[in-house]
Amino acid sequence: MGMMARATVLTLLKTLMISVFAGWVTLWILKPTEMWTRKWKGAEDSARGTVFGYHGLNLAVYTFPIIALAIVGSLYLTETARSAISRQRKSSVSALSYPIIANSLVGIISVIEILGILAFVIFLAWTFYCRISNDFEKLMPIKSLKLSVWQLKYMKVATRFGLLAEACLALLLLPILRVMPVLRLLGIQFEASVRYHTWLGTAMIVFATFHGASTLFIWGVSHVIQDEVWKWQKTGRIYLAGEIALVLGLVIWITSLPFIRRKQFEIFYYTHHLYILFILFYLFHAGDRHFYMIFPGVFLFGLDKLLRIIQSRPYTNVLSAKVLPCEAIELTLPKDPKLKYSPTSVVFMKVPRISELQWHAFSITSSSNVQEDTMSLMIKCEGWWTNTICRMITEELNSDTHRTKCIQVAIEGPYGPSTVDFLRYDSMLLIAGGIGITPFLSILQEIVSAKGSSRHRFPEKIHLIHAVKRSQDMSLLSSISHILLDKCLGKLHLKLKVYVTREEQPDAVARVLQDALSQGQIVHFDAEGTSYAIHGFDKPTVTAAILGIASVLFFVLLICFNHILVPSEKKAGTLKPKGADSKTKVPSWVVDLILVSCFVISVIVSMTVALMLRRKRIKKAVPPTSPEKAGGFTEPSSMEPHDPFQEHEVHYGGRPNFQDIFTKFRDETGGSDIGVLVCGPESMKESVAKSLQRMGQGGSAKRRSKFTFHSLNFTL
């Protein structure tokens with residue numbers, strides 16, 4: 001396919017995605033209006049007399065748009081990867097990524113995030129206004145509850161807060177999709193979108209708690225709380241299911257608070273798996289009609305989760321490890337030479353010897369253009385899980401045996417940007433704190449490996465700012481020591497500035513830096529049992545095909561099961577009349593279980609197809625590299641102690657002054673387009689963002705320097 005044809009295909013796919021997304025947003029805006037309610041009721045009545053039924057109509061209108069967006073998005077990413085078209089960054093990206101808020105309470109929020117939050121708040125206000133105004137106009141007393149007017153209105157307000165929680169739940173799972181390309185289409189990576197999941201989850205819990213607590217309050221003042229709270233109705237809202245869902249949601253939310261998640265990660269990790277029960281009881285409480293609104297996220301997340309499990313099998317073995325003096329280790333793993341990934345990519349790793357359930361995210365420190373058959377990860381030994389793997393490797397290093405016992409691991413990923421557009425600046429400032437240096441190790445290797453390439457445009461001037469506590473922490477830079485020592489980088493001008501905050505300046509600074517870069521002990525592991533390399537995920541077209549199979553199968557099963565098991569759908573094209581005996585009605589939980597069963601069957605079939613394709617791919621794979629041939633650790637060349645480090649600086653006894661750094665760098669680069677990438681503690685990111693705010697978005701009006709802020713995460 002020629003470049004012109006490929007560009008046309010990309011344009012058509014992008015137009016289709018925009019149209020589908022616009023239609024889905026319009027649907028959410030119209031749904032709370034009285035006009036939509038009347039039209040939709042008529043559409044459901046008409047659909048009951050057809051083979052699709054109201055179930056098929058709800059699925060097609062409320063659920064399918066986002067699934068279609070994921071399918072088309074997969075095809076779009078495939079064509080994007082194949083395209084050799086050089087896409088230049090737009091000037092608007094710089095303005096929209098500008099950090100407008102930076103504080104310890106909410107973190108760093110950009111202009112585009114503020115606009116997104118504002119739009120969502122307006123949508124919630126619109127939904128609530130439309131619903132509650134219509135409720136107050138048609139206010140009718142509830143026979144089972146003796147309520148005054150204010151109590152009745154309060155009851156309606158509480159009910160509509162439940163709809164606000166539903167809107168948050170509809171979006172809750174979309175930011176944490178790793179395989180399905182939903183937010184990735186907007187250039188938002190998984191590690192960055194996790195906080196959107198946190199915001200939506202907090203908002204959902206607030207709305208749901210008000211909804212539940214207010215309902216219990218009304219029951220209490222009506223003296224019917226003991227009767228209502230334990231009800232498991234045959235049809236309609238199941239109150240007990242809603243109460244269980246609320247309790248589960250609160251448990252998940254409380255255990256995910258930062259002070260618990262950071263200190264007791266295992267508690268956070270295991271209780272988060274209660275989401276399965278939470279979604280199930282929400283379905284029983286809200287009913288299938290409301291569930292179709294949130295089902296796209298559930299459907300995509302379920303497939304996403306299982307695809308990740310399949311991709312992480314079979315296990316592989318660690319080839320070698322480098323133990324650094326700063327209580328960190330660098331692992332080298334085998335990978336398929338065909339597996340390519342972008343800098344700043346992350347993987348999730350599980351070590352079965354430590355835990356069969358826990359997965360932890362790590363930045364890839366290597367470049368797939370440099371290490372074709374291996375992949376490197378950096379792990380800081382802090383916390384129970386990471387300390388355990390560090391202890392395992394240290395024990396092997398200190399053992400007297402000639403053979404080291406292999407360490408088996410499961411790798412999920414890599415996940416990263418589909419392009420390196422964010423590196424296409426005239427100049428770059430890479431600012432790291434401690435182990436936050438890891439994403440920048442892959443960036444620098446990628447840039448150096450691509451020097452002289454006409455396909456990619458990389459910055460010509462880079463300053464790497466690294467703040468550490470002790471001198472030995474500089475050993476984290478050992479994997480790029482050959483780059484720091486290389487004076488033949490062509491047009492690229494690389495300067496390292498290290499800030500050692502908790503030590504006084506020694507006599508021979510250059511010698512300290514050289515010693516730190518050359519330190520580290522390497523252990524090679526036994527190759528026995530190593531039979532698989534890391535292959536990554538299948539092509540996006542395969543993901544699109546599996547998603548298509550699952551969605552079509554679910555649609556067919558839903559229609560068939562409802563026609564077989566819900567006979568009221570077949571009679572006169574309508575449900576039982578209001579006066580009919582309630583005992584003849586099919587319980588609502590039966591309809592809910594039909595939906596769940598269809599989902600489970602469709603997922604099992606589609607995952608069977610995915611597993612077959614995976615095994616076929618593994619059989620054709622190239623055998624992994626043996627430990628003796630494994631790369632990953634580049635030893636610094638023996639050069640004169642002072643010559644290699646004339647361009648670099650090491651400062652002691654203080655933190656970097658970002659205001660001065662930005663000012664000097666802007667003066668040195670003139671009117672260049674400057675990218676500022678930050679990875680490290682949140683306090684460092686906030687300090688950088690505030691310094692940029694003081695500098696002003698446009699910088700100097702004469703020079704027209706432009707700073708573009710990017711915040712990277714080295715942990716999730």
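Two strands pair if DSSP finds at least two bridges between them. In this predicted model, that criterion applies to strand S10 (residues 427-433), which pairs in the parallel sense with strand S11 (residues 461-468) over seven bridges. Within S11, alanine 467 is the bridge partner of glycine 433. S10 also pairs with strand S15 (residues 673-679), again in the parallel sense, over six bridges, and there alanine 432 stands opposite cysteine 679.

Strand S10 is largely enclosed by the rest of the structure, because seven of its seven residues are buried. In a regular strand the side chains alternate between the two faces of the sheet. Both faces of S10 are covered, with Ser427, Leu429, Ile431 and Gly433 buried on one side and Met428, Leu430 and Ala432 buried on the other.

Turning to charged residues, side chains of opposite charge can pair when their charged atoms come close.

| Lysine | Glutamate | N to O distance |
|---|---|---|
| Lysine 350 (2%, buried) | Glutamate 356 (48%, partly exposed) | 3.7 Å |
| Lysine 461 (18%, buried) | Glutamate 668 (47%, partly exposed) | 3.7 Å |
| Lysine 495 (17%, buried) | Glutamate 649 (25%, partly exposed) | 2.8 Å |

The side chains of glutamate 668 and lysine 461 meet in a salt bridge. Because glutamate 668 lies in helix H20 (residues 658-669) and lysine 461 in strand S11, this pair ties together parts that are 207 residues apart in sequence. Strand S11, which holds lysine 461, is also a parallel partner of S10.

Lysine 495 forms a salt bridge with glutamate 649. Here lysine 495 belongs to strand S12 (residues 493-500) and glutamate 649 to strand S14 (residues 649-652), so the pair ties together parts that are 154 residues apart in sequence. Lysine 495 counts as buried because its relative accessibility is 17%, under the 20% limit for that class, whereas glutamate 649, at 25%, counts as partly exposed.

Beyond these pairs, Arg178, Asp304, Arg308 and Glu412 are linked in a network of salt bridges.

Charge also gathers on the surface, where Lys338, Lys539, Lys616 and Lys620 form a patch of positive charge. Lysine 338, one of these residues, is placed in the loop between strand S5 (328-334) and strand S6 (346-350), and it is exposed, with a relative accessible area of 73%.

Conventions: Residues numbered from 1 in each chain as written. Predicted model: local features only at pLDDT ≥ 70, side-chain atom pairs only at ≥ 80, totals over all residues. Heavy atoms only, no water. Patch = residues over 30% accessible without salt bridge, like charges linked within 9 Å, V, L, I, M, F, W, Y side chains within 5 Å. Areas by Shrake-Rupley, 256 points an atom, 1.4 Å probe, with all protein chains shown as cover. Salt bridge = Lys/Arg side-chain N within 4 Å of Asp/Glu carboxyl O. Lys, Arg positive; Asp, Glu negative; His and termini not counted. Charge placed at Lys NZ, Arg CZ, Asp CG, Glu CD. Helix = DSSP H or I, 4+ residues; strand = E, 2+ residues; numbered from the N terminus. Buried < 20%, exposed > 50% of the residue type's maximum accessible area, 1.4 Å probe, protein only.
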